[in-house]
Amino acid sequence: MEHKTIAYICTGCGIGEAVDADKLIEVGNELAPAVCKKHEYLCGKEGLAEIGQDIKDIEATHVVICACSERVFTDRFDFEDVFVHRTNLREHVAWCHTANDDGTQELAEDYVRMGITRCKNAETPEPLVQEVSDSVLVVGGGVSGLNAALNAADVGHDVVLVEKAEALGGFAATLHKTYPTAAPYTEAGENPVPGLVAAVEGNDRIQVLLGSTVSEVAGAPGKFDVKVGDKEFKIGAIVVATGFTPYDVTKLEHLGYGKSPDVVGSVQFEEMAKEGKFVRPSDGAPARKVVFVQCAGSRDPDHLPYCSSTCCMNSLKQANYLLENDDDAEAYILYKDMRTPSLYEQYYEAAQATPGIMLTKGEITGVEPNGNGKVKVTAGNTLLGEDIEIDADLVVLAQGKVPVMAEEGILNLTYRKGKELPTLKYGFPDSNFICFPYETARTGIYTVGCVRQPMDIVQCGEDAAGAALKAIQCVHATGGGTAVHPRAWDQTYPDFFLQRCTQCKRCTEECPFGTLDEDEKGTPLENPTRCRRCGVCMGACPERIISFKDYSVPMIGDMIKSVHVPDEFEEKPRYIGLICENDAYPAMDMAGLNHVEYSPLVRFIPVRCLGSVNRVWIADSLSAGIDGIILIGCKYGDDYQCHFLQGSELCSKRMENVQEDLQRLMLESERIKIVQLAINEYDKLPQIVNEFVEEVNNLGPNPYKGF
Amino acid sequence: MTVALEAAETGAQVHLLEQGLSLGGRIAQLARYFPKMCPPSCGLEINYRRLRKNPNVMVHTLTKVTAINGGPGAFEVAIETAPRFVNGDCTCCGDCIDACGVERENAFNYGLDKSSAIFLPHPMAYPMTYAVDNAICPSGCQKCVDVCKVNAINLKEEGTTDTLKADAIAVATGWTPYDATKLDQLGFGKYENVITNVMMERMLAEDGPTSGKAVKPSDGEAPKRIAYVQCAGSRDRKHLPYCSAVCCGASMKEAIVMREVDEAVEQTIFYIDRRVMGRNEDVLAKVEADEKTLLQRGKVAKIVEDATTKVLTLSAEDTDTGNRVEAEADLVVLATGMVPNNGDLPLPESCQVDDNGFLVAGGLESGVVPAGCAVRPAPMAACMQDATGAALKTLVIAAKAS
């Protein structure tokens, strides 16, 4: 089909009052679209009908809507089988710049040029529909894994459940009872593990492999090749439910472990409860006075800096075991803070009213054998205002949770970027996104339960359902040729023009999701279903051989080159702003909505992620006579906000190199600025933009202008 | 929104019913999340974008459920949609706001400022459409209608009713802040400079009534000393017998943000226990390391205002020492708790509600899956787990029913 672009300038919402639309049409027509016209209310019925009719009559393939932000009226400006580009003349021009000002008019003119130019090379994406396996692999047969397997099977997916031990159940199987998990939260509950195990074993869709580990995961979402021993499976998506190990009590010498056999870990105490034998390991005498030491390792920078979330409730349960066995027993719980959040408070309240359970805040100052066969526990800074000393029969150390996601092989991915899931600080392979807890750094692989964060049995159950959903969703999206989160609608995928690849390996190294592998020569091996479509590879490639149907290096490069750059004598500097479409772009919309004014000298171009910014765009800009480039992306560091994990950080590293290049060209490095901006910081935009413009204005014009 | 999107992205058809004017719930009103201190609008924006691009989700705002009939696989849900008085043609051009001379208390900002009678619910609202608070419109006033170029306003619009068919129902009705006027010893509603934590969030939000800065409502000046009162209603038999799970992290977060806003501010957080679970411990560590923020163990029993200076004196019992502590503050933030919202939802009888009004997450037989703070007070991340899980459970219900 012949490429035909039609373009519309909306004059509603103040655009017509701020700029000369007829002049915009003239400017647009210079680029020879099939049609370029204006309308006073483009999103209205008549406006939309006119566009629809034109598409039909002209057999248009591309439509440029120069009107409001692409964040509004998305459904109205959606025309079947044509490529739609939205140019924002409202929030980014009319609403934030002086009406009828040369600067405003010239900005709008450039945006019209850029919009039409973008369409020259853009194509409507065609989804990569393919046959996929809809089986789910679940690694780990504890509470989380059992629930995830049942959930996936319940919606019709086959499941392969791999468990390292010889029996299902995981850590929870060792529990005598669970702490209360339902209203009124006063009674310990039956252990749900036997029921779950029976349900899994009775489910035809679930294949259980005991005493097994995953020896290899190759392939990609929708078609993982998974080896478990000598068995091979085609798998659509993977749930990692490897759980936790209790913190190693032998490391708790400062809390008395090893000094007396009567100082035990909470895991050992649970075993005692299961056997119904509350006795001292040293002499077999009844343990009637028991001290529970909370945060034994947890909340301690020398051990586990985080809170293990369940130990307070667990010790309340264990204190109750003791009292249920022996009315006259005494349980002392020494805590830093009693953490029984939410409805669990009711269990704490019940314990406070239970004779025999003594609860106090306290800092442990010593746990030593007292010489008379007892263990002396001393604590300071207590609720009673004085130091306390308890001669206990038994001391129980509340052990924390350590995620099982260590160096040893859990998944054994054949990925170029490593065999296991990347972890955050403290070793949890969590997503780092509060809003999107399941998004790990490897597409199609979802973590669940205590491997992800310390959590209790109830939460593991909910979490398992969530992870199963994500796995199923991944299979669905992959088969239909769309991306998974966060670009769940995106049907594009990166195309590699490999004849021109120089095997520099930058794309394979920089992809935050481990999408690309390499052959022996270093040529990237594409795995499109692992891809999140951020474009980091496109930004990394010095040969510019990676592109998407609607987003490529030449597409943005041509937009930059389409900007009209007045010569230096006109004293009209021009700047390019490359901005993250997820956060900085909406922030600019907010600025527009609030009619916040800033310099009209910058032409902003939204990018999928700042990580997709290719260095050549900087060169394109400077050689076109652009005076400076500002890049606005998400915050990075430990608490990164980039939806593609490292995109903004990678961009900032690349730009440091670019700045060095500039200095070699005798250009000031200040001509390039990279700014971190959160979506809510729209109020900072004017200062950021104006300061940049002023700084570079002071440097004088780009000396390459006009060459 | 999460249940709807997660289910829709597996191919399910979803009706998303929201009683309010826009999606996002309480989260849209927060300044930041702990522990990352990132803005909630970041994730909301991604979700709005997912919604805009997903034809499987039908969004119904201003909509209440009036009856639920049938059962799993064959629910009939009767809904009532209140008039917005502005239709989807609204371009948010602002002409009507300029024309409207009537002011209303801005509920989105908990009454900390005013908006015109025709207004955008908030700058990131979804749908991005104005609404009219017609209860305060002077009778016969047509100013907004007259000025609207796209005829989007109809002050005579009437509500509609409809019946939707569904295989399964997820309930994610969330929470309301506990009514702080019930805490009579703490002076909310009596002393201007006693506010609640949700109001503090609005003040600290860049798009809030004070553009990201806390002020004393009495004079609009910046407070030099701020006190946070934890468990204002929560963990109290006379009010809410449960812990509201987020308030410790929220106050610590607010204290951290405040120090970014005003380096000189001195703050005290009165607490019973510091409940920040998992890696949220980092937030506590950060507050502990701040020399100008004091964590004071003790439950605040009383707040008294000096009528002339408006300085507030808090009395608390230091439960570490048993001594009484007094502290002065220019602004007091009450960490009020969560009350579940599902009270007037006509749920099938098979759905259980506990003594505190929370839905009991039981089996799937009822075909109704509760999620988030409808089940128990929980921080955002836990609600996202629930919600994603709830999406799966709705699919299971549908699969078993077919």
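In chain A, 71% of the contacts between residues at least 6 apart in sequence join residues at least 24 apart. The model is predicted. Of the 707 residues of chain A, 58% count as buried. The chain contains 18 helices and 30 strands, and its C-alpha trace spans about 95 × 60 × 55 Å along the principal axes.

Chain A is divided into domain 1 (1–124), domain 2 (136–243 + 404–480), domain 3 (249–400), domain 4 (495–540) and domain 5 (551–707). Between domain 1 of chain A and domain 3 of chain A, the C-alpha centres lie 70 Å apart.

One helix pair in chain A was examined in detail. Helix α6 (residues 143–154) of chain A packs against helix α11 (residues 457–480) of chain A at an angle of about 45°, and the two axes are 8 Å apart. The helices α6(A) and α11(A) are therefore oblique to each other. Their crossing is right-handed. On the side of α6(A), the contact is made by A:V143, A:S144, A:N147, A:A148, A:N151 and A:A152. The residues contributed by α11(A) are A:I457, A:C460, A:G461, A:D463, A:A464, A:A465, A:A467, A:A468, A:A471 and A:I472. By class, the residues of this contact of α6(A) with α11(A) comprise eleven nonpolar, four polar and one charged.

A:R280 is found in the loop between α8 (266–275) and β14 (289–296) of chain A. With 21 other C-beta atoms within 10 Å, A:R280 is buried, because a residue counts as buried when 20 or more such atoms lie within that distance. Leaving aside residues up to four places away in sequence, A:R280 touches A:D262, A:A285, A:A287, A:D393 and A:L394. A:V263 is 17 residues from A:R280 in sequence, and the C-alpha atoms of these two residues are 9.0 Å apart in space.

The contact between the chains takes 71 residues from chain A and 66 residues from chain B. On the side of chain B that touches chain A, α2 (40–52) and α8 (380–401) of chain B each supply at least two residues. The most is given by α8(B), with 14 residues. Divided by class, this side of chain B has 29 nonpolar, 23 charged and 14 polar residues.

Technical notes: Residues numbered from 1 in each chain as written. Chains lettered and ligands numbered in written order. Predicted model: local features only at pLDDT ≥ 70, side-chain atom pairs only at ≥ 80, totals over all residues. Domains from an automatic or database assignment. Contact = placed C-beta atoms within 7 Å. Helix = DSSP H or I, 4+ residues; strand = E, 2+ residues; numbered from the N terminus. Nonpolar A, V, L, I, M, F, W, Y, C, P; charged D, E, K, R; others polar. Buried ≥ 20, exposed ≤ 12 C-beta atoms within 10 Å, placed from the backbone. Axes fitted to C-alpha atoms, helices over the stretch in contact; angles between N-to-C directions. Parallel < 35°, antiparallel > 145°, perpendicular 65-115°, else oblique. Left-handed = near helix turned anticlockwise from the far one by under 90°.
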